[in-house]
Amino acid sequence: MKKGLSLLLAASVAFSAFSATAFAATPQTAEEKYQALVEAGIFEGFPDGQAHLDQNMTRAQAAKIVALLLGLDQDASAASVYKDLKDAEWAAGYIGAATKAGILEGRGNGVFDPSANVTIQELAKIIVEALDLDVDASATVAGTDPWAAPYVAAAIEAGLIAEQDDYTAPASREILVESSYSAYAVIGEEDEVVAAATATPVGAKKIEVKFGAAIDESKATFTVKKGTISLNVASKSVSEDKKTVTLELSSKLSEGEYTVTVGGVSATDLTSSFTAENEKVAKIEFKATNAPLTELDSDGIDDLAIPYVVSNQYGEDITKTTSLTTNIGTVNASAKQVEITGNYKLNDVVAVTLIHPSTATSAVQQFTVVAQARVGDVAITGLYNKDNKSLDEDTNLGTDAFYLVVEAKDQYGNPVSNLTRLESDLVLSQSNNTVVDVRDITSGGTTYADFETLSIDGVDKTVVRIDAPAAGIKVGQNNVTLISNTTGKNASFNITVSEAARADTINLISPGSVYVGEKAYVAVEVFDKQGNAITNLSTLNHATKGVKVNVNGDLTNAFVEKDGIVQIEIPASKFTAKGYVTVMAQTSSYNIKTLTLEVKDAAVPTLIRGVDADFAKAYKAGKTGVTLTYTNLAIEDQYGRVMADADVKAWLDADTDRKIEVAQQYAAGNSNDVIVLGGATSIVSNGTTVSTVTFDTTGKGSEKLTLTLHGDNGAAISSSAADVTLRVTDGTEYVSYSVDSIGTVYDEAGASKTNAAAYDKAVKVYGVLGDGNKVQLDVGTEYTVSALTNATVNGDVYDSTLNIASSPVSYGDKTEVVVPVTVVISKTGEKLAQDVTISKVAPKVASVKFVESGKGKDGTAKTTLSISSNSFNVADILNGATYDVWAKDQYGASKQTAANGHVTFDDGTAITTVAIRVAPVTGSVTITGNGTASAAVTGIEQYEAFDVTLEYADGVTATVRVTRTN
């Protein structure tokens, strides 16, 4: 059985710098291996210079060794579960780190026993779990306790320890050295095989990065630059062997040199460069050998529609975004066909030419007119889910979309992708749509599949989506058949919904301390009876198949995903006073684990660390009205954690004597006084609103502001002050200059839409001082900006703001153009260039979220809602009664949706195609009006749950799980 602790051991990558291959000669003897580990900082030498390999090792010493071996950060708070560390405080950080990682355990009842000798079999378990080795639960080894035999067997097989007569004996330093060195060498080798990365463009927006060995994609970071400009990576996909990562950029590659930097997979960052070219038309081809009759102009079936496809140099389909000319008819790029109206008859011959003028790419073909094309043959090629998930009774079909992939051909053997034709010619039959239900439409008493087009791996496919029945998805099979109503040919596919996994065992991983009035999260590992990890939240939260969690009362939907792993979320209401709280988790197999959490006093502001990173610390002389308030500060609580702005405000609001006092270094009139404070010198609340301190700048130099917390009765909090040095320059001290990334600019005029300020993009230019601080420059006096290759953009950007408002940009046959924008620094003549993408693609919904009513576009996304009633109206989370819905487009502009889910962006683009679905999760609720904003749910019993999902085009969704909790 695989132990599955690797998610907490990813820190081992940090140890790569100490790889065994770094030494000139590979150590052979235990003494040499000991010295190598001393040099690597894993072992400490004795004052007499001897290894003392015959001595035993304590559990505390072993904890230190394994923590250093894996590069784990010390975590003394995680060791607070043990009561017997008074004489081993030096090791608390290591013990806590190893405990948190699940490598070491206590003896029970809060006892760690730090001074006890570690036995050979205990050492075997530590090393095996640290390396995440496979363990044969049925293995037996003479000289071990039964629980230890599988670990000892695995350690011997891996060569980590030598065979012994008695594994219950204390482990000597020599045995620990041998096993630690073996593990240490393995960790180093695992990292060093990733010696290089090779980046290659494989699509208009795609870069393929190949590695010499498998990587841990969760730790890998990717930076893509063209010159000095960083590009946004929209998504990344990893090959099955973990050796290839495909990056998809937010914008298309353009002509020039690119550099990809990869971090987190090797001891040093890996880089690879390549030269890209602008996207171009590489091929035009017709997708039919004849021209079937069709109806285009309402005068009978005497017209022609001939399909074609345009590919770029990467083989990607760019038909819909490429303008072509033709010798006959009209090119309909969105439908991917040449449409020719007329009075054509069978056996007529028509010659069609398609030309892409700028590349001179063409296609010429003669077609014979044949009878109207109908679907003659059909195949269902499989069930598709973008994450390759399996379909079981706990699958949420509202958020995890599943589709049947369909391929159809007409009687001439040509592919049929026209949705109207498919929905007219293919009859749908289902054997049991109470298991899952295929989306359908009914016409004239006949049921047809409701087809749609979906991009799968960059290729448009015809699909039909799978939905949950009104009573919810259930275990079973639904045999789906599509039948051509012209030829009778058919295709069937058996959709199987399997039984979901059931939780059998659970491990609770201590988060260390928790705090009064704060949520807490407990990381978990849950396994089924076969030892497979369960991460499906629906399964874990299921009333009979999952895990029941009790913290002074049962928790509902306790399992959430946070920081990339499954955790138990414990509400702040469970921590009302200092003391101890017990978490009890019971699996469906009635296995129980408990964890005691120490609850510490509520957090209060204790120390000002300084100003936030985005608060400017350098200004030009003559700047007026700069504001400073609590939101600009990094304020720590008594536990060394930076507090959220809302928590600091709550502390200030609770007592108007509390404040943040601001004092300047020099008195007014002093020649060094470059910061001039306004009237108020305190940041204080009147109970609801917190004030600000303002200042102006003058002269040239630096001055400190001292910020001090004052608590109850206005008394200064000891050691809470921070000095913040602000610099004022006259503009003669810049050592370099920089320009913020501009990104993609929306051309409302090119899209024939209304000009809107939401789509303006500022060109921000900075002078950089020797200490790294930046000062924003003024356009006109300190720099100019131009775009000489494009007259429209050049005439627009002169004021350092891109606002394509009147004269449209010339796009040719494209919907986007890349325009070089150049900034010239007035003082030095230095040029800073940046490629900017101008797009006339109208806004579409790129992301959507539910937020608490009134919180606005920056509100935290909400994914759950607790109710107490036995009925629920979906409108309540659409119209602001409970939640608001905010949609963001591809340009970063946000807009609140209407009560029906429709959204109108600031340029006037209205998005009215939205699916609103309710899907049961647990229980048997009654749903009426499903698919509409007026949907209602009734008959909701306590702890029953259902999901409400909004879905826009391209699979953009937001889901709220509604649970009746009382």
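1. Burial in α2. In this predicted model, the buried residues of α2 are Arg-59, Ala-60, Ala-62, Ala-63, Lys-64, Ile-65, Val-66, Ala-67, Leu-69 and Leu-70. That is 10 of the 12 residues of α2, so the helix is largely enclosed by the rest of the structure. Arg-59 and Lys-64 are on the buried list too.

2. Length and end of α2. The 12 residues of α2 should span 16 Å at 1.5 Å a residue. The end C-alpha atoms of α2 lie 17 Å apart, which agrees. Gly-71 follows the helix, with a positive phi near 70°.

3. The largest nonpolar core. This core holds 57 residues. Phe-43, Ile-95 and Ile-103 touch the most other members. Two or more residues come from each of α1 (30–39), α2 (59–70), α3 (92–100), α4 (120–130), α5 (149–157) and α6 (173–192). The top contributor is α2, which gives eight residues. In soluble globular proteins, nonpolar side chains tend to be buried together.

4. Around Ile-95. Which residues does Ile-95 contact, leaving aside neighbours within four places in sequence? They are Ala-60, Ala-63, Ala-79, Tyr-82, Leu-85 and Phe-112. Of these contacts, Ala-60 and Ala-63 are buried residues of α2.

5. The four-stranded sheet. The strand order is β1-β2-β6-β5, in an open sheet with antiparallel pairing. β1 (197–201) and β5 (233–238) are the edge strands. Each has a single partner, so one side of each is left without a neighbour in the sheet. From one strand to the next, the twist averages 20°.

6. β5 pairs with β6 (residues 244–249) over five bridges, in the antiparallel sense. Within this pairing, Ser-235 stands opposite Glu-248 of β6.

7. Asn-312. This residue belongs to strand β11 (residues 303–312). Is Asn-312 buried or exposed? Asn-312 is buried, because its relative accessible area is 2%, and the cut-off for burial is under 20%.

8. Polar partners of Asn-312. What does the Asn-312 side chain reach at 2.9 Å in the backbone? It is the backbone nitrogen of Glu-316. A polar contact, also of 2.9 Å, joins the side chains of Asn-312 and Glu-279. Not counting residues up to four places away in sequence, Asn-312 touches Ala-204, Glu-279, Lys-280, Ala-282 and Ile-318.

Methods
Residues numbered from 1 in each chain as written. Predicted model: local features only at pLDDT ≥ 70, side-chain atom pairs only at ≥ 80, totals over all residues. Heavy atoms only, no water. Buried < 20%, exposed > 50% of the residue type's maximum accessible area, 1.4 Å probe, protein only. Polar contact = N/O pair within 3.5 Å; in protein donor to acceptor, adjacent residues only side chain to side chain. Contact = heavy atoms within 4.5 Å. Core = buried A, V, L, I, M, F, W, Y, C linked by side-chain atoms within 4.5 Å. Expected span 1.5 Å × (residues − 1). Pairing = 2+ DSSP bridges. Axes fitted to C-alpha atoms, helices over the stretch in contact; angles between N-to-C directions.
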